[in-house]
Amino acid sequence: MSEPAANPAVNPAATSFPTATITLPLGLGVLRTYSGALLCLEILFGGLVWILVASSNVPVPLLQGWVMFVSVTTFVFSSAYLALLITGLADRINTDWNFLDLFYHFIAVLFYFAAFVLEAATTAAVKIQTNQTACITKPPSNILTFLNSRQYSINVVATIFAFVVTLCYGCSMVMGFKRWRK
């Protein structure tokens with residue numbers, strides 16, 4: 001007679017996964033928290049920065065290209081993060097969401113602060129002339145770009161909103177740090 005094959009011991013780690021670490025509520029309840037409200041403001045104001053810079057004449061493409069990259073990228077990532085929280089899929093993905101939230105908002109603050117400074121530098125380089133035309137002061141061997149007062153105003157408002165978005169991401173980072181420390 002043959003002996004029955006011995007069952008190998010079942011490794012409990014192979015059959016179960018630890019739950020995701022997240023302290024924010026899932027579903028529409030996330031919108032009732034300060035973090036959820038800030039996330040909505042980040043998306044709203046970041047979209048406005050994107051729209052305003054895209055609608056300006058983009059007098060310095062090298063500088064404002066970074067502003068566009070940051071605003072579009074953070075808009076997409078923040079929207080995806082909010083969608084994960086609202087749909088409840090964040091609970092099914094095994095990761096430390098509190099740390100990822102802190103890390104994402106830290107990177108977003110760094111990038112948006114740089115975008116704000118570059119947008120402010122671009123706007124500060126524009127001078128309004130008496131004939132309602134603004135122009136970038138011409139460095140040697142560069143092309144002179146003319147802006148009317150409307151396009152100058154668009155760049156000013158884009159600078160203000162870039163600063164507001166930077167503050168929103170900074171507040172979210174501080175709140176994420178408090179959640180991560182618990």
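## Packing of helices 2 and 4

A crossing of two helices is termed left-handed if the near helix is turned anticlockwise from the far one by less than a right angle, and right-handed if clockwise. By that criterion, helix 2 passes helix 4 in a left-handed crossing. The model is predicted: local features need pLDDT of at least 70, side-chain atom pairs count only at pLDDT 80 or more, and totals for chains, interfaces and linings use all residues. Residues are numbered from 1 along each chain as its sequence is written, and side-chain values use heavy atoms, without hydrogens or water.

Helices here are DSSP runs of H or I with at least four residues, numbered from the N terminus.

## Residues at the contact

On the helix 2 side, L39, E42, G46, V49 and V53 meet H105, Y112 and E119 of helix 4, contact being heavy atoms within 4.5 Å. The residues of this contact divide into four nonpolar, two polar and two charged.

A54 also lies in helix 2. With a relative accessible area of 47%, A54 is partly exposed (buried means under 20%, exposed over 50%, partly exposed in between, with a 1.4 Å probe and protein chains only). A54 and I154 are 100 residues apart in sequence, and their C-alpha atoms are 9.8 Å apart.

Twelve aromatic pairs are found in the whole structure; rings of Phe, Tyr and Trp (its six-membered ring) pair if their centres lie within 6.5 Å, and planes under 30 degrees apart count as stacked, over 60 as edge-to-face and the rest as tilted. The rings of Y112 and Y169 are stacked, because their centres are 5.7 Å apart and their planes lie at 25°. This pair joins Y112 in helix 4 to Y169 in helix 5 (residues 149–181), 57 residues apart. Y112 is buried at 0% relative accessibility, and Y169 is buried at 0%.

The rings of F116 and F163 form a tilted pair, with centres 5.2 Å apart and planes at 50°. F116 belongs to helix 4 and F163 to helix 5, 47 residues apart. F116 is buried, at 18% relative accessible area, whereas F163 is partly exposed, at 38%.

Note on methods. Helix = DSSP H or I, 4+ residues; strand = E, 2+ residues; numbered from the N terminus. Nonpolar A, V, L, I, M, F, W, Y, C, P; charged D, E, K, R; others polar.
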